[in-house]
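Visitor: I have a structure to read. Where do we start?

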Amino acid sequence: GLWDLHVHLMYAGHPNPRYWFDTYTPQFERVIMPAAAEQLLMAGVTAARDLAAPLTQIVAVKRRIASGDIPGPTLFVAGAAVAKGGNPNAVQTWNVSGPADARAKTNALIDAGVDWVKIINAAQLTPDEMPAIHGEAHARGRKVAAHAFREDEIRLGLLAGVDDFQH
């Protein structure tokens with residue numbers, strides 16, 4: 001089978017994200033994510049990495065697939081992405097404020113069952129926050145992916161030891 005290393009099961013190709021989140025977030029766990037997972041499997045994707053989704057919903061879908069309750073590829077999930085300066089109401093990101101908060105949120109994600117930790121808006125993190133996220137994730141056996149478009153985001157990620165970059 002195929003691997004897809006960057007999916008978001010919460011999206012289904014809708015062109016208006018604000019409308020999508022306002023209208024469909026309550027349906028993510030029971031309808032949207034299982035349907036997207038089944039579509040991936042039917043397309044030959046047998047393993048996928050979901051790199052930003054509401055934490056409890058994506059972990060629940062991952063567990064339902066693993067138990068055979070619903071069809072889908074083997075999932076490796078990040079849950080909510082750790083961010084700085086993002087939309088505080090976004091369902092797929094958790095903003096951090098300081099290294100202690102960054103470590104606490106990383107631990108909360110891992111405690112909930114994530115396989116990866118994803119960082120968004122790396123250039124907005126303080127010099128202590130990215131190493132706190134990375135260090136905590138690695139200490140607990142998880143790798144870190146970074147959403148990076150710009151040189152400064154990539155440079156910061158390389159200095160912190162990020163395991164892979166997206167985009």
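Guide: Start with L9. Leaving aside neighbours within four places in sequence, L9 contacts (heavy atoms within 4.5 Å) I32, M33, A36, A37, L40, D50, I58, V61 and L75. This is a predicted model: local features need pLDDT of at least 70, side-chain atom pairs count only at pLDDT 80 or more, and totals for chains, interfaces and linings use all residues. Residues are numbered from 1 along each chain as its sequence is written, and side-chain values use heavy atoms, without hydrogens and water.

Visitor: Which residues touch the most other members of the largest nonpolar core?

Guide: A nonpolar core is a set of buried Ala, Val, Leu, Ile, Met, Phe, Trp, Tyr and Cys residues joined through side-chain atoms within 4.5 Å. Buried means under 20% relative accessible area, exposed over 50%, partly exposed in between (1.4 Å probe, protein chains only). Here the largest core has 41 residues, and L9 and M33 touch the most other members. Helix α2 (residues 28-42) gives the largest share of this core, 6 residues.

Visitor: How do I read a helix? Which residues of α6 are buried?

Guide: Helices (H or I, at least four residues) and strands (E, at least two) are DSSP runs, numbered from the N terminus. In α6 (residues 151-160), the buried residues are E153, G157 and A160. They lie on the same side of α6 because they cover an arc of only 65° around the axis, taken from the directions from the helix axis to the C-beta atoms. E151, L158 and L159 are exposed on the other side.

Visitor: What do the buried residues of α6 pack against?

Guide: They pack against α5 (129-139), β7 (143-147) and β8 (164-166). After α6 comes G161, with a positive phi near 90°.
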